[in-house]
Amino acid sequence: GITKWLVRKAAERGRTRLPQRVLEGKKQGFAIPVHKWISHDLRGLFQDLCLAKDARIGGLMDLVVLRRYYEAHRTGEVRLGHQMWALLILEIWLQQTRTVVGHGE
C-alpha cells in the first residue's frame, strides 16, 4: 500500500535530488512515442529486419500482409505502433537466438 516505495527509501537516505513535489505527488505513468519511432525514427530498422525476405517472423505471418499493415500505420490510417514494436523486438530476438519458426523445424 505504499506508493513510490523505492523513491521514498532513496530520499530518506539522502540519495535523491528529486523535488519534494515529486516525492509527495501521486504515481503517474509516462508514455513512450512508439508510434513515432516505428513510423519515423526506426522506419529503416523495421523495414530492414521485419519486412526483409529472410525475416524470421515470416515463418509466423505473411510478410506481404505485414507490409500492408505497416504502410497503413505509417500513413496514419491505423495506429499499430505497439504491435509493430512487438514484432520488431520479436524479430531481433529470433535473429539473436538464431530461432527458426513456422517452417516445420
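1. Two salt bridges are counted in this predicted model, a salt bridge being a side-chain nitrogen of Lys or Arg within 4 Å of a carboxyl oxygen of Asp or Glu. Because the model is predicted, local features need pLDDT of at least 70 and side-chain atom pairs count only at pLDDT 80 or more, whereas totals for chains, interfaces and linings use all residues. Residues are numbered from 1 along each chain as its sequence is written, and side-chain values use heavy atoms, with hydrogens and water left out.

2. One of these salt bridges joins the side chains of K36 and D41, at 3.1 Å from N to O. K36 is partly exposed, with a relative accessible area of 45%, and D41 is also partly exposed, at 48% relative accessibility. Here buried means under 20% relative accessible area, exposed means over 50%, and partly exposed is in between, with a 1.4 Å probe and protein chains only.

3. A salt bridge also links E71 with R74, whose closest N and O atoms are 3.0 Å apart. The two residues are three apart in helix α5, so about one helical turn separates E71 from R74. E71 counts as partly exposed because its relative accessible area is 25%, and R74 is partly exposed at 26%. Helices (H or I, at least four residues) and strands (E, at least two) are DSSP runs, numbered from the N terminus.

4. The helix that holds this pair, α5 (residues 63-74), packs with helix α6 (residues 81-96) at an angle of about 135°, and their axes are 10 Å apart. That angle makes α5 oblique to α6, since angles under 35 degrees count as roughly parallel, over 145 as roughly antiparallel, 65 to 115 as roughly perpendicular and the rest as oblique. The axes are lines fitted to C-alpha atoms, for helices over the stretch in contact, and the angles run from 0 to 180 degrees between N-to-C directions. The crossing of α5 past α6 is left-handed, a term used if the near helix is turned anticlockwise from the far one by less than a right angle, with right-handed used if clockwise.

5. V64 lies in helix α5 and counts as exposed because its relative accessibility is 52%; its C-alpha atom is separated by 8.3 Å from that of L51, 13 residues apart along the chain. W93 is found in helix α6 and is partly exposed, at 46% relative accessibility. Between W93 and R56 there are 37 residues of separation in sequence and 9.7 Å in space, C-alpha to C-alpha.

6. The backbone at R98 deserves a look, as R98 has a positive phi of about 55° although it is not a glycine. Most residues other than glycine have a negative phi. R98 sits in the segment after α6, and R98 is exposed, with a relative accessible area of 66%.

7. P33 is placed in the loop between α2 (20-24) and α3 (34-41), and P33 is partly exposed, with a relative accessible area of 38%. P33 and A55 are 22 residues apart in sequence, and their C-alpha atoms are 25 Å apart in space.
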